[in-house]
Amino acid sequence: MITWKLWYALNHPPATHPIFWRTLQHYQHNNPYNMNRAALGWLDKLAILYLIVFIGLMFIANQAAPGMQSALLSLLIVLLAIPIILPVALVLRSTIFSGSYYGLLWAGYINDLIVHERQNNTYDLLWLFPGGILAPIWAMCMGCLYSNYRFNQLEALHTYKLRFIAYTALIGLLLRLTSQPQDPFTFILIYAIRTFALVLVVHIEFVQSLIIALLLGILAPLYSQQQIDARLWTISGFLFIQLNIYAVTVLIGLFLLPIFTSQLALSEDASSVIHILLSLTVFYLMRELVIAVLWRWLLWLTATSYTHSESVLLSRG
């Protein structure tokens with residue numbers, strides 16, 4: 001399974017590769033994650049600008065002609081929604097969608113890094129490395145990923161999230177057992193399977209979303225030397241893939257699998273378990289297929305054989 005090979009490579013960066021350390025030093029001096037006083041100052045300036053624009057639009061809407069007031073009021077409603085939407089977007093980094101959030105964040109930095117190398121005419125020099133260009137590109141991405149130890153911190157937060165889900169499910173099980181005296185063994189088994197499936201969904205979503213975003217972050221700047229274009233291709237491609245996978249999974253889970261399980265002539269509990277496991281399998285295999293296609297695409301662009309790519313992933317330097 002290519003997902004777990006790539007995940008192993010993400011957790012074991014090429015620590016002795018010169019490009020890895022070059023990228024780490026670059027991000028130590030230009031750390032995009034560092035929320036320092038200057039960044040907070042920019043937030044203060046944006047808040048002041050927001051208030052000035054909002055008050056100015058209110059004054060203009062009050063003085064404008066009736067035909068213009070409806071458009072200005074609509075714009076005011078959109079501005080009012082911004083303080084609600086932005087916190088929701090920031091909260092996503094601590095939910096099941098944290099892999100998508102941080103994946104797109106790092107994909108953007110990888111876009112900028114590769115575009116910067118191409119614009120400075122240093123990208124072609126990476127082909128001179130023994131074994132081709134894939135190894136230095138991968139080392140560059142790992143250097144971006146491990147800058148300021150953010151990947152290790154994110155993985156620790158993800159582990160705590162999975163433990164929280166498991167502990168919450170255990171408490172819920174103990175509470176439900178007091179009101180479910182009939183056939184407790186079957187109830188515990190089904191509850192455990194559902195909890196295990198939930199933990200797997202959260203972990204699979206985190207791992208595969210991060211890998212999909214990173215692969216798109218590498219692929220997009222290989223086609224465009226403009227940062228804006230590369231980021232737009234990465235974000236739009238990622239959202240297209242994610243939304244389609246979710247839509248197909250829901251479609252299969254809600255409409256096709258119930259028809260399939262109803263033909264098996266099993267008990268309601270057994271049908272429920274099979275339905276959960278098949279839905280989880282569909283969710284995983286669809287994303288596995290996307291990752292395999294993106295990885296093969298990257299190997300084709302870098303003229304790398306699949307056998308050599310495995311040595312790149314396993315190499316520590």
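**Labels and their cut-offs**

Visitor: Which residues is Leu 6 in contact with, leaving aside its neighbours within four places in sequence?

Guide: Leu 6 is in contact with Trp 138, Ile 211, Leu 215, Ile 291, Trp 295 and Leu 313. Each counts because contact means heavy atoms within 4.5 Å. Bear in mind that this is a predicted model, where local features need pLDDT of at least 70 and side-chain atom pairs count only at pLDDT 80 or more, while totals for chains, interfaces and linings use all residues. Residues are numbered from 1 along each chain as its sequence is written, and side-chain values use heavy atoms, with hydrogens and water left out.

Visitor: What makes a nonpolar core, and which residues have the most contacts inside the largest one?

Guide: A nonpolar core is a set of buried Ala, Val, Leu, Ile, Met, Phe, Trp, Tyr and Cys residues joined through side-chain atoms within 4.5 Å. The largest has 60 residues, and those with the most contacts inside it are Leu 6, Leu 10, Trp 106, Trp 138 and Trp 295. Helix α8 (residues 184–219) gives the most to this core, 13 residues.

Visitor: How many helices and strands does the protein have?

Guide: The tally is 11 helices and 0 strands, which reads along the sequence as α-α-α-α-α-α-α-α-α-α-α. Helices (H or I, at least four residues) and strands (E, at least two) are DSSP runs, numbered from the N terminus. For contacts between residues at least 6 apart in sequence, 79% join residues at least 24 apart.

Visitor: Why is Thr 3 called buried?

Guide: Buried means under 20% relative accessible area, exposed means over 50%, and partly exposed is in between (1.4 Å probe, protein chains only). Thr 3 has a relative accessible area of 0%, so it's buried. Across the protein, buried residues make up 40% of the 317 residues.

Visitor: With which side chain does Thr 3 make a polar contact of 2.4 Å?

Guide: That of Glu 288. A second polar contact, 3.2 Å, joins the side chains of Thr 3 and Gln 208. Thr 3 itself is in helix α1 (residues 2–11), and its contacts beyond four places in sequence include Val 207, Ile 211 and Tyr 284.

Visitor: What makes Glu 117 and Arg 22 a salt bridge?

Guide: The test is a side-chain nitrogen of Lys or Arg within 4 Å of a carboxyl oxygen of Asp or Glu. For Glu 117 and Arg 22, the closest N and O atoms are 2.9 Å apart, so the pair passes. Glu 117 lies in helix α5 (residues 98–119) and Arg 22 in helix α2 (residues 18–29), so the bridge ties together parts 95 residues apart in sequence. Glu 117 is buried at 5%, whereas Arg 22, at 42%, counts as partly exposed. Glu 117 also has a polar contact of 2.4 Å with the side chain of Thr 122, and Tyr 123 and Met 140 are among the residues it touches.

Visitor: How many salt bridges does the structure hold?

Guide: There are 2. Arg 231 and Asp 112 also meet in one, 2.5 Å from N to O. Arg 231 lies in helix α9 (residues 227–262) and Asp 112 in helix α5, so this pair links parts 119 residues apart in sequence. Arg 231 is partly exposed at 32%, while Asp 112, at 19%, counts as buried.

Methods:
Polar contact = N/O pair within 3.5 Å; in protein donor to acceptor, adjacent residues only side chain to side chain.
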